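Trainee: Could you walk me through reading a structure like this one? Let's start with the strands.

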Amino acid sequence: MELLLAVVAGVLYAAGLYLMLRRRLAQLIIGLSLLSNGSNILILSAAGVTRAKPPLITEGHPLEQFADPVPQSLILTAIVIGFGVLAFSLVLAHRVHQSTGSDDIDTIGPDRA
Amino acid sequence: MLLALPILLPLLTAIVLHLLPQRSRLLRLVAFAGSLFVLGTAAFIFVRVQQTGILVLQVGSWPAPFGITLVADLFSALMIVMVSVIGVAVTASSFAGVDPRREALGYHSLIQVVLMGVAGAFLTGDIFNLYVWFEVLLIGSFVLMSLHRTRAQLRAAFTYVGLNLLASAFLLTAIGLLYGQAGTLNLADLARAWPERRTPGLDAALSMLFLTAFGIKAGLFPLFFWLPASYHTPPAAVGALLAGLLTKVGVYAMIRVFTLLFPDPDASVYRVLLVLSAITMVVGLIGALAQRDFRRVLSFNLVGHIGFTTVGLALWSPAALGGSILYVLHHMLVISTLFLVSGLFLRQRRTTDLNALGGLYRSQPAVACLALIPLFSLAGVPPLSGFVAKVGVITPMLVGGQYLLAAVTLCVSLLTVLSMARLWDEAFWKPAPVASSASALHSRLALPILAPIVFLVGLTLALTVFAGPVSTLTMRAAGQLLDRNTYIRAILGEEVPRAAR
């Protein structure tokens with residue numbers, strides 16, 4: 001399972017970085033979201049994938065039986081942040097498209113103000 | 001409670017700004033009053049830290065490795081004071097007038113959000129919380145940068161957003177790997193647990209990931225291209241806010257994380273950082289010489305001088321680190337002042353292109369002399385604060401036998417003098433180009449636009465006069481940074497057994 005997750009994370013990173021190198025804004029945004037999903041899976045697999053109970057700890061059970069809740073809460077936070085950022089960059093790309101009629105970063109305009 | 005105030009007050013101000021009737025005079029007053037309060041609490045925190053040592057707040061009373069910790073040591077306290085000073089100057093500069101459309105879109109509360117994010121990043125003692133504050137200040141600055149619709153500004157905003165999000169993804173990756181190995185996120189707990197658990201391979205991978213993530217945010221050599229591509233488009237006050245604070249947050253995070261987690265001065269990452277810092281200085285200043293726009297010259301200077309602030313970490317001695325901290329403080333003040341000065345040109349000539357500037361000395365000699373101080377301070381002309389800070393950076397190099405590095409640094413300083421002298425010559429001294437109309441030339445600059453500049457220049461002069469006590473302070477801050485055990489003990493209490501995984 002860990003091997004599979006590691007491969008998936010690696011593929012997501014590679015695809016995300018490749019898409020970020022493209023010139024079109026839509027691809028850049030897809031690349032960013034792949035990258036953030038890749039890092040979420042990496043957190044999950046780096047912290048150890050185990051078959052264990054949910055961490056509702058009751059007396060009399062050894063702690064090893066429960067899963068570590070922290071990586072999941074980290075991922076949850078990262079997903080929320082990533083969602084907000086994704087929404088913002090989509091709006092930004094939409095506005096670029098509205099004002100220039102293109103989503104190619106090189107045709108947006110001259111670099112100088 | 002005290003430590004949470006620099007975060008809570010801007011949040012409160014931002015909320016109040018949304019609830020108030022949207023009359024610009026009222027909004028400006030409230031934002032300004034909010035920043036003054038933050039400055040007050042920051043000064044109080046600073047005094048307390050100086051008297052009693054490291055201050056710690058366990059948020060929600062959760063004991064240290066489990067909850068989120070806010071920490072203020074001397075370095076954090078100094079940075080918080082600087083942030084609130086720049087916050088006051090930036091909010092004060094809005095009295096000179098803000099584009100009404102920006103104001104309607106929440107300009108004032110966005111500035112407060114950025115200030116909150118920066119303060120949070122400086123105060124947190126938890127590495128995941130650091131990531132969250134980075135995102136808070138990034139979102140605030142993204143929106144501030146993209147409130148405009150011109151093509152150049154949209155393009156700049158996209159470059160800025162894309163590269164900073166990439167840096168955040170790298171940071172998140174590094175944090176995930178770190179948690180997987182060490183099983184904790186509290187910086188003090190990590191500082192205790194990580195050096196025992198690390199393996200050479202993981203150590204190298206993590207340190208390079210952190211270096212890349214913070215390097216993009218700080219603007220180190222191969223990763224700085226977003227900065228000059230974006231900082232010359234927003235209005236002057238926003239430029240001053242972003243230029244003064246955001247790169248320094250990257251530098252701060254780099255110093256904080258590396259001193260705690262990689263306490264091995266011989267690690268290869270420090271040799272990499274040393275070379276990168278030197279190249280950053282050279283490339284930044286050569287880039288600055290090639291530019292013909294006031295704010296682009298400043299952006300490249302900003303990049304070049306980041307090298308001065310990271311080189312102290314790479315050299316890993318109290319004196320070098322202290323010199324770098326002093327340089328950070330000086331540079332925050334001066335670069336913000338200069339971006340505010342560029343607002344004068346925008347006001348008078350509607351451009352910062354050096355070809356269209358000139359003749360300001362003839363029409364307004366006092367303003368030209370005022371601008372001379374930050375320009376020459378950045379260049380490091382004695383006796384101004386830049387000189388003191390540069391001495392603080394270069395002396396440890398000479399003492400440590402790094403003669404080549406010292407030579408590079410001195411040459412770069414010379415280039416800065418050239419670049420700054422050219423800026424002043426082109427913007428103020430040379431005769432005005434014929435194209436500009438006489439009415440624009442002789443329009444007086446009002447007090448509201450000059451007051452924040454005078455305030456910051458006054459502080460630069462104060463930093464010059466009190467250079468002795470301030471450099472003693474930064475040396476103490478550096479000593480505190482390198483003494484990890486005091487930090488760990490202040491947060492986790494006396495010799496707690498390490499939290500089991």
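Mentor: Strand β1 (residues 55–58) of chain B and β2(B) run antiparallel, joined by four bridges. Two strands pair if DSSP finds at least two bridges between them, and strands (E, at least two residues) and helices (H or I, at least four) are DSSP runs, numbered from the N terminus. In this pair, B:Gln58 stands opposite B:Thr69 in β2(B). Bear in mind that this is a predicted model: local features need pLDDT of at least 70, side-chain atom pairs count only at pLDDT 80 or more, and totals for chains, interfaces and linings use all residues. Residues are numbered from 1 along each chain as its sequence is written, while chains are lettered from A and ligands numbered from 1 in the order in which they are written.

Trainee: Which way do the residues of strand β2 (residues 69–72) of chain B point?

Mentor: In a regular strand the side chains alternate between the two faces of the sheet. Here B:Thr69 and B:Val71 point one way, B:Leu70 and B:Ala72 the other way, and all are buried.

Trainee: How many helices and strands are in chain A?

Mentor: Chain A has three helices and zero strands. Its radius of gyration is 20 Å, well over the 13 Å that the globule rule gives for 113 residues, so chain A is more spread out than a compact globule. That radius is taken over C-alpha atoms, and the rule is 2.2 Å times the number of residues to the power 0.38. The C-alpha atoms fill a box of roughly 65 × 25 × 20 Å, taken along the principal axes. Buried residues make up 28% of chain A's 113 residues.

Conventions:
A residue is buried if 20 or more other C-beta atoms lie within 10 Å of its own, exposed if 12 or fewer, and partly exposed in between; C-beta atoms are placed from the backbone.
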